[in-house]
Amino acid sequence: MLHLTSGRVDARPAADPCDRCDLLLGLDGVHVEHVDRRDGLLTVTVSSPPGPAGCPSCGVIATGRGRRRRVLRDVPGADRVRLVWRQRVFRCEDTDCGRKTFMEQLPSLVAPRGSITARAVVWAIGQLRREHATVQGLARQLDTSWKTLWRAVEPELEQLAADESRFDGVSTLGVDEHIWHHVDPRMRGPKELTGMVDLTRDEHGKTHARLLDLVPGRSGRVYKAWLDQRGEDFRRNVKVAALDPFAGYKAAIDDKLHDAIAVLDAFHVVKLATAAVDEVRRRVQQDTLGHRGRKGDPLYGIQTILRAGAEHLTDKQRARLVAAINADPAHEEVFIAWQCAQQLRAAYHAKDLAQGRRIAVTVVDTFHTCPIPEIARLGRTLRRWRDAFLAYFTTGRSSNGGTEAVNGIIELHRRLARGFRNRHNYRLRMLLAAGGLTP
């Protein structure tokens, strides 16, 4: 074909429109034969170039027997995209071969017997991981069913989960439990799952928490079994193990992670102190008025103030606190308990770790002697956890905060999915969403 370019004859051949479609399609091994768009549906007919093919069973060069149409779902754009693959059919000419006919396979295009392109599977995994998408929502975009899409995605996630290299380089390990269902355990197994989280810091000292695994149950035995499965090299590499004040997890750390320093989570320690203050307030309320807190009662009016840090109180809130404490001499006990909790908080908020550790040592050495029973009980708890409590100040403020952040992601995706019935699917989805699997 001749073209006029600036008044001259251009003898270069014109580009084939289907060649441009091939570039836009971006799929190796096939070329575009036809494109049709109607009613919000883009249908692209593709085929592979002709060529010899050997029988998968005997290797004898087979004879082509035409093509068949196979409909595939592809990544949606402005329209829903449907690929029609004209798949080649072959016949084996070896009379001794048990395979008579077979179809060509293009793994780069679609899995055997699959109906969703490999590119669409990668797209779906990315949406599930980064965009908080749901399988059902993605299935609607691909114009298919939940089961069909999950059947295509699940093998990829299983392969990633089976890769032991994702456990490499873990030097700080967090552990926590959560409830994954609220039905009869006889139907779905244990309600509790123990989650292990990588809390290792990068070269800038920043933690990028990622979920490593979810195992059924909540006990030290469950944690020990998981650590045994990881191997000696993994356990030797863990230097810091963060945990909540649960004796079962602490026993597993002492038994399996000999080189690791156990660190009690700061949030849960402060939570214990705040709970102790609340218990004192309720007890004094009962002793002085003989009933639970009601509107207008001095102590009931400051219950939220007692849970706040002293540095966050406004002048109005301080005035309300003083007025409530002065309303009855018995309320002085509540004020002392609140001051004890503030002293504990001050240890964690100290800018200098050495100063914070001195405050923490004072707390451990004195709280158990307090005449207020709730504070004395808190002191005895901190004495039992003394080393893990003080380790916060010698490990650069290590905590289980990243584990709690991962739990938040898990809760979000469980709500988006309206709950889960299959623990295997739940584990794969949460590992993907919380960074445990990297496609």
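The lining of the largest cavity divides into four nonpolar, one polar and five charged residues. In this classification Ala, Val, Leu, Ile, Met, Phe, Trp, Tyr, Cys and Pro are nonpolar, Asp, Glu, Lys and Arg are charged, and the others, Gly among them, are polar. The model is a predicted one, where local features need pLDDT of at least 70 and side-chain atom pairs count only at pLDDT 80 or more, while totals for chains, interfaces and linings use all residues. Residues are numbered from 1 along each chain as its sequence is written, and side-chain values use heavy atoms, with hydrogens and water left out.

**Cavities**

Strand S6 (residues 80-91) gives the largest share, three residues. Helices (H or I, at least four residues) and strands (E, at least two) are DSSP runs, numbered from the N terminus.

The structure holds two cavities of 30 Å³ or more. A cavity is a set of points, on a 1 Å grid over the protein atoms alone, where a 1.4 Å probe fits but cannot get out; a pocket is an open set with protein on both sides within 12 Å along at least five of seven lines, and lining residues have an atom within 4 Å of a point. Grid points are joined across faces, edges and corners, and a volume is the space filled by probe spheres set on the points.

The second largest cavity is lined by Thr274, Val277, Leu306, Arg307, Ala308, Trp338, Ala341, Gln342 and Arg345. Helix H9 (266-289) and helix H12 (332-349) are the elements that give two or more residues to this lining, and H12 has the largest share with four. By class, the second largest cavity is lined by five nonpolar, two polar and two charged residues.

| Space | Volume |
|---|---|
| Largest cavity | about 50 Å³ |
| Second largest cavity | about 40 Å³ |
| Largest pocket | about 490 Å³ |

**The largest pocket**

The largest pocket has 22 lining residues, and those closest to its centre are Ala111, Ile116, Val121, Ala152 and Glu156. Helix H2 (118-130) and helix H4 (146-161) each supply at least two residues of the lining. The largest share, seven residues, comes from H2. Here the classes come to 13 nonpolar, four polar and five charged residues.

Axes are lines fitted to C-alpha atoms, for helices over the stretch in contact, and angles run from 0 to 180 degrees between N-to-C directions. Gln343, Leu344, Ala346 and Ala347 in H12 meet Gly356, Ile359, Ala360, Thr362 and Val363 in H13, where contact means heavy atoms within 4.5 Å. This contact has six nonpolar, three polar and no charged residues.

Helix H16 (residues 401-416) and helix H17 (residues 423-433) have axes that come within 10 Å and cross at roughly 125°, so H16 and H17 are oblique to each other. In H16, Ile409, Ile410, His413 and Arg414 meet Tyr426, Arg429, Met430 and Ala433 in H17. The residues of this contact divide into five nonpolar, one polar and two charged.

How values were computed
Parallel < 35°, antiparallel > 145°, perpendicular 65-115°, else oblique.
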